[in-house]
Amino acid sequence: MVAAVATVASSPSPSPASSGRARGGQRHPLSFCSAAAAPSLLHLTRSSGRLRRGLLRVAAKETDVLPGPGVEGEMVAAGRLEEQPEGPLGGSQLDIGGLAFQGDMGGGFAGGSTGSGETGAGGGDGNKMLDRSINTVIVLGASTYALTKLLTVDHDYWHGWTIFEILRYMPEHNWSAYEEALKTNPVLAKMMISGIVYSLGDWIAQCYEGKPIFEFDRARMFRSGLVGFTLHGSLSHYYYHLCEALFPFKDWWVVPVKVAFDQTAWSAMWNSIYFVVLGFLRLESPATIFNELRSTFWPMLTAGWKLWPFAHLVTYGVIPVEQRLLWVDCVELIWVTILSTYSNEKSEARNSEEASTSNASNDNSR
C-alpha cells in the first residue's frame with residue numbers, strides 16, 4: 001500500500017489542457033493559448049519582483065530624503081518627525097512630546113490665565129474706585145461745610161433779608177467773626193487756619209505732581225494738615241510776637257532786617273521741623289530722615305528765597321501782628337506745594353525702588 005501511495009504522489013498532475021480533453025473529448029479553443037502564455041507571464045512576474053527588491057536595497061544604502069515644508073532646498077529625512085523649536089505655549093500651538101499641533105485648542109489654555117488676570121485687574125479697579133469715592137466724599141463734604149459756614153454767618157439776623165443783602169454783608173461779618181475768634185482764642189484760630197492751608201497745599205502739590213484731582217493720597221494730605229495744625233499755627237503765633245520783641249524799632253530799615261531774619265533763622269528751623277516730623281509720621285528711621293534732610297535742606301531754603309522776601313515786605317511792612325499769619329497762610333498755599341513736593345519726592349522714589357526690588361526678587365525666587 002505504501003508503494004501505491006508513493007506512486008500516486010509522484011505521478012504528475014493533469015494539466016488543464018489534458019483535463020479539458022478528458023472531459024469533453026476535444027480541446028477548448030483557449031486552452032492552447034493559455035498553455036503557451038503561462039511560462040512568459042511567470043518569467044515577467046519573477047523579473048518584476050527581482051527589480052523591486054534591487055531598488056529597495058539601493059534605496060536602503062543611500063539617504064532617503066524628501067523635500068520638507070520649509071525653505072526651498074531644505075530636506076528632511078523620510079520617516080522622521082520634524083522637530084519643533086522649544087518655546088512656551090502661545091496662541092493655538094500645543095507642544096506635546098515634540099509634536100506640534102496647530103489650531104484652536106478650545107481657548108482653555110489662554111482662558112485660565114486671562115480670567116485670573118481680569119480678576120486681578122477688576123480687584124485693582126474696584127479699590128481705585130473705592131478710594132476715589134472716599135476722596136470725593138471728603139472734598140465735597142469739606143467744601144460744603146466751609147461754604148455753609150461762610151454763607152450762614154448771619155443766619156441769626158436773616159429774618160426779612162433778601163439774597164442780595166445776605167451776600168452783601170457776608171464778607172464783612174465773616175471778617176468780624178475772625179477778629180472775634182482771634183481775641184477769644186488766638187492760638188486755636190491760627191492752628192485751624194494753618195491746618196486747612198497745609199491740607200489744601202499738599203492736595204495742590206499732589207495734583208501738580210500729576211495725580212487726578214480725586215485720586216490723592218489721603219494719608220499724605222492728613223500728615224501735612226496735622227503738622228500745619230499742631231505746629232505751624234502755634235509756633236508762628238509766638239514767632240511773630242518774638243520778632244516784634246527782637247526788633248521793636250519803627251524805622252524803615254527794620255523791615256528788611258526782619259525779612260532777612262525770617263528767611264534765615266526762622267525758615268531754616270521751620271523747614272527742618274516740617275521735614276523731620278513728616279518723616280516720623282511716615283514711620284521712617286531717624287538715619288533716613290536726617291540723611292534726606294541734609295540733602296534737601298539747602299535746596300528748600302534757597303527755593304524759599306524766590307518767593308518769601310517779596311511776600312514778607314508786605315508781612316512786616318503793612319500787616320498788623322495779629323493778622324500776619326492769615327496773610328502768610330494765603331501765600332503758604334504756594335509754598336506748601338513746593339515744601340510738600342521736596343519732602344515727599346525722595347520718600348516716594350525710595351518706596352517705588354523698594355517695590356521694584358521686591359517684585360524682582362519674587363520673580364527670581366519663582
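A salt bridge here is a side-chain nitrogen of Lys or Arg within 4 Å of a carboxyl oxygen of Asp or Glu. The model is predicted, with local features needing pLDDT of at least 70 and side-chain atom pairs counting only at pLDDT 80 or more, while totals for chains, interfaces and linings use all residues. Residues are numbered from 1 along each chain as its sequence is written, and side-chain values use heavy atoms, leaving out hydrogens and water.

**View 1. Salt bridge between arginine 324 and glutamate 244.** The N to O distance is 2.6 Å. Arginine 324 lies in helix 11 (residues 324-365) and glutamate 244 in helix 7, so the pair ties together parts 80 residues apart in sequence. Helices are DSSP runs (H or I, at least four residues), numbered from the N terminus. Both arginine 324 and glutamate 244 are buried (under 20% relative accessible area; exposed is over 50%, partly exposed in between; 1.4 Å probe, protein chains only).

**View 2. Salt bridge between glutamate 215 and arginine 132.** The closest N and O atoms are 2.4 Å apart. Glutamate 215 sits in the loop between helix 6 (186-208) and helix 7, and arginine 132 in helix 4, so parts 83 residues apart in sequence are tied together. Glutamate 215 is partly exposed at 26% relative accessibility, and arginine 132 is partly exposed at 30%.

**View 3. Salt bridge between arginine 218 and aspartate 131.** The N to O distance is 3.6 Å. Arginine 218 belongs to helix 7 (residues 218-246) and aspartate 131 to helix 4 (residues 108-151), 87 residues apart. Arginine 218 is partly exposed at 28% relative accessibility; aspartate 131 is also partly exposed, at 35%.

**View 4. Salt-bridge network of Asp202, Glu209 and Arg220.** Salt bridges link these three residues in a network. The count for the model comes to 8 salt bridges.

Key
Helices (H or I, at least four residues) and strands (E, at least two) are DSSP runs, numbered from the N terminus.
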